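Q: Before any feature is discussed, may the sequence and the structure be displayed together?

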Amino acid sequence: MNRARDFLAGMEEKTAFRACIFAAILVLMAATMFLLNTHTPLQMDDYDYSFSWSTGKPLAGVADVLASQAAHYRLWGGRSVVHTLAQLFLYWGKGVFNIANTAAYMLLVLELYALAKPKGRRFCWTILLVIHAALFTLVPFFGTVFLWLDGACNYLWGTALALLPLLIIPRLLEKECAALGVIGVPLCFLSGWTNENAACGMLAVALLLLADSAYRGKRTPVSAWLCLAAQAAGAAMMILAPGNFARASAYAYDSMAREIVKRLLRITLYTGVYAGAELLAMPIVHGMGLALHVPMRNRRAALLLLAALLSAYAMVASPELSDRSYTCVIALTLCALATLLGDMEAHVRALDAARLCALPLALFLLVYGGYQAVREVSAHEAAWEAQTQKIETAVQSGADEVKIASVESRSRFTMNIALENDAESWPNSTLSKWFGIRVCGE
């Protein structure tokens, strides 16, 4: 028994062996996400954004997408970066999106991995596996934010972009790099121009990082300040969009103070619901680390947790609070927990053999979970395709109107496609425009 344990522990210490496991997990992730993306149909807002906001006609080119987003900025909202991505993918086709969105999910997981892994230790496959498994199993609206085209561009791509300053600015503070500074400024500008709560939370954390560096008397590179300024400029471009003010004017409150208290209570409740498991696990893992005398990166974990909470409470400025907005909050809270788990992985050698023994079961569960998810998404796709086929049949027969049924979501990997009885109500109105026939809900 001891020989087997020593053998497994010795294998775990080999970088090449860890690299192979790391690569196998990445392949599993990519294959699962690609299949899920392939079987997630266009739905709801996707049909809206297939039309130009400038001309009201189907998108006809990249220039048309840019003109559409200029109008969208004036009329509806400031998330121009993510909505430009959405309209580009709708113009290029779902096949392009399926590949690109798989890569975006991989990027997000690798960003969280890079933030959580111990410095100097390579191919920490345990952290990678925990991050992917937690996102895959714990995010209750996985399909809405990671698979649905418009939702993924807003929240998956938006979160991946918003996290970039947490990777760029600390490295500039450690060692000034001209090349990273040149690349970092435009990337930080884009990260600020993503979605409101994630961008504002990251901006606050970036400011704290630079303030802490100045307080400690360290020399702060100009490139780091430029990255912060670019991030703030991107956030300002998003928040100050005329469309935001046009939408906000539709809301009226008897007491703004009472409304803010309600929002704070809802945010606290939502944070507990969506990130509660990670928040409860953190003190447990930290306590285990202290008991085993593991050097814990408490400062890093606290920074990531602070970033999560700032992203959550930044939503107090928004009149709308949706579960989708918690994508960045969940990701950062998970990353804080993974940081502490990474310390355990790096310093408790007694766990090496146990992790390798558990790996086959963990991979089997992920493969099986992915298989079940693909089945659920495929069933949802078939149900919606049956309705769109009904529309196309009616068009071919020359009918003036067709009635179709809503498609209810029965999985966290799908979302409701809810229709109204009236053809003039959204989303029926957009479907009518898209298919060229009056579409009513049954």
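Q: Which residues of α5 are buried?
A: The model is a predicted one. In α5, the buried residues are Ser80, Val81, Val82, His83, Thr84, Leu85, Ala86, Gln87, Leu88, Phe89 and Leu90. The helix is thus mostly covered, with 11 of its 13 residues buried.

Q: Against which helices do the buried residues of α5 pack?
A: Their partners are α3, α4, α6 (94-116), α9 (149-162) and α11 (178-192).

Q: How is the span of α5 to be checked against its number of residues?
A: The expected span of a helix is 1.5 Å times one less than its number of residues. For the 13 residues of α5 (residues 80-92) this gives 18 Å, and the end C-alpha atoms are 18 Å apart, which agrees. After α5 comes Gly93, with a positive phi near 115°.

Q: Is Phe51 buried or exposed?
A: A residue counts as buried under 20% relative accessible area. Phe51 has a relative accessible area of 6%, so Phe51 is buried. Phe51 lies in the loop between α3 (45-49) and α4 (62-75), and among the residues that Phe51 touches are Gln87, Lys433 and Trp434.

Q: In which sense do β1 and β2 pair?
A: The pairing of β1 with β2 (residues 438-441) is parallel, over 4 bridges, and Lys403 has Cys440 as its bridge partner in β2. Together with helix α19 (residues 428-435), the strands β1 and β2 make a right-handed β-α-β unit.

Notes
Residues numbered from 1 in each chain as written. Predicted model: local features only at pLDDT ≥ 70, side-chain atom pairs only at ≥ 80, totals over all residues. Heavy atoms only, no water. Helix = DSSP H or I, 4+ residues; strand = E, 2+ residues; numbered from the N terminus. Buried < 20%, exposed > 50% of the residue type's maximum accessible area, 1.4 Å probe, protein only. Contact = heavy atoms within 4.5 Å. Pairing = 2+ DSSP bridges. Right-handed = clockwise from strand over helix to strand, strands pointing away. Lists of a residue's contacts leave out its neighbours within four places in sequence.
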